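Here is a short briefing on one protein chain. Look over the sequence and the model before reading on.

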Amino acid sequence: MIELTPVSPDFVAEVAGLDLNTPLTPDDARALRAAMDQYAVLVIPDQPLTEERQVAVAQLFGPLEISVGASVYNAHRPRRLNHAELSDISNLDESGGILDAGDIRRLINLSNQLWHTDSSFKRTPASISMLSAQEIPPVGGATEFADMRAAWDALDSAMQARLAPLVAIHDYFHSRGLTGFDTAGIPAAWREMQPPVPQVLVRTHAATGRRSLYLASHISAIRDMADDESRALVDQLMAFATQPRFVYRHRWRVNDLVLWDNRCTMHRGAGFDEKYRRSMRRATVQDAGPTVVA
């Protein structure tokens, strides 16, 4: 039977009583899914999972996304990981050495330091992400999570009414431009692989009925809104939703497994001294479908 220690009444809980290297009982699987719905972020320490077990546990939440490497920038490069369902969230190359400073995979990883929600730049975005830590640097490299349900609840009714019908445009290359990439030189083929997509700005969680903001650094515009007004609104909402009162900071330990619900959280990684190795891998569950039909 799983044991939950909440960090706050309904945001982030640490889970004990599970050994994920063995198959979960139906009761434990149901309890784990219910805990995800309630707390949005779960921390499960002491889980030295193989790639195979991580994939199997993630599949309890639904079908998994297939990773194409770090990004469309290096979709055809050799991969360090053996399973296409796992994304490599590390500073290591395919041989296990630390990436060179100019390696595009390292540069892409810098965008993880922006507030975002996984795969919101895909027509069908992500629901649950599951990140497993094998090697961590001695200092730095924490991950922060923001509760977008609490942020929504804290807005006044007039702002909620204004935001509820809005649709945002999420663009993979927009967020890359924020970390210094020359987006003007992006080949057309890359943009065809990852075109901008519409997503609702306010989501309703299918299991709980709770509403939340759906924000990310990937947002390039809000549909039917002037660029300057759109940018001002997105900046205002990002600043509001990432106030310390809404944020949990996770300091990683080896063999931590952290799960989060992308539909009602944002997250970002902190920097660290890259002379140290950092080895982590993420499984990402596809949501049930697009948030915007047309």
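Predicted model: local features only at pLDDT ≥ 70, side-chain atom pairs only at ≥ 80, totals over all residues.

Residues are numbered from 1 along each chain as its sequence is written, and side-chain values use heavy atoms, without hydrogens and water.

**Whole chain**
- The protein chain has 8 helices and 15 strands (DSSP runs of H or I, at least four residues, and of E, at least two, numbered from the N terminus).
- Along its principal axes, the C-alpha trace spans about 50 × 45 × 35 Å.
- Of the 294 residues, 52% count as buried, meaning under 20% relative accessible area with a 1.4 Å probe, protein chains only.
- Among contacts (heavy atoms within 4.5 Å) with a separation of 6 or more, 82% are between residues 24 or more positions apart.

**Arg263**
- Arg263 sits in the loop between β13 (257–261) and β14 (265–269).
- With a relative accessible area of 17%, Arg263 is buried.
- The side chains of Arg263 and His205 form a polar contact of 3.4 Å (a pair of N or O atoms within 3.5 Å; within protein, one must be able to donate a hydrogen and the other to accept it, and residues adjacent in sequence count only if both atoms are side-chain atoms).
- Leaving out residues up to four places away in sequence, Arg263 touches residues including Ala126, Tyr214 and Asp287.

Conventions:
Buried < 20%, exposed > 50% of the residue type's maximum accessible area, 1.4 Å probe, protein only.
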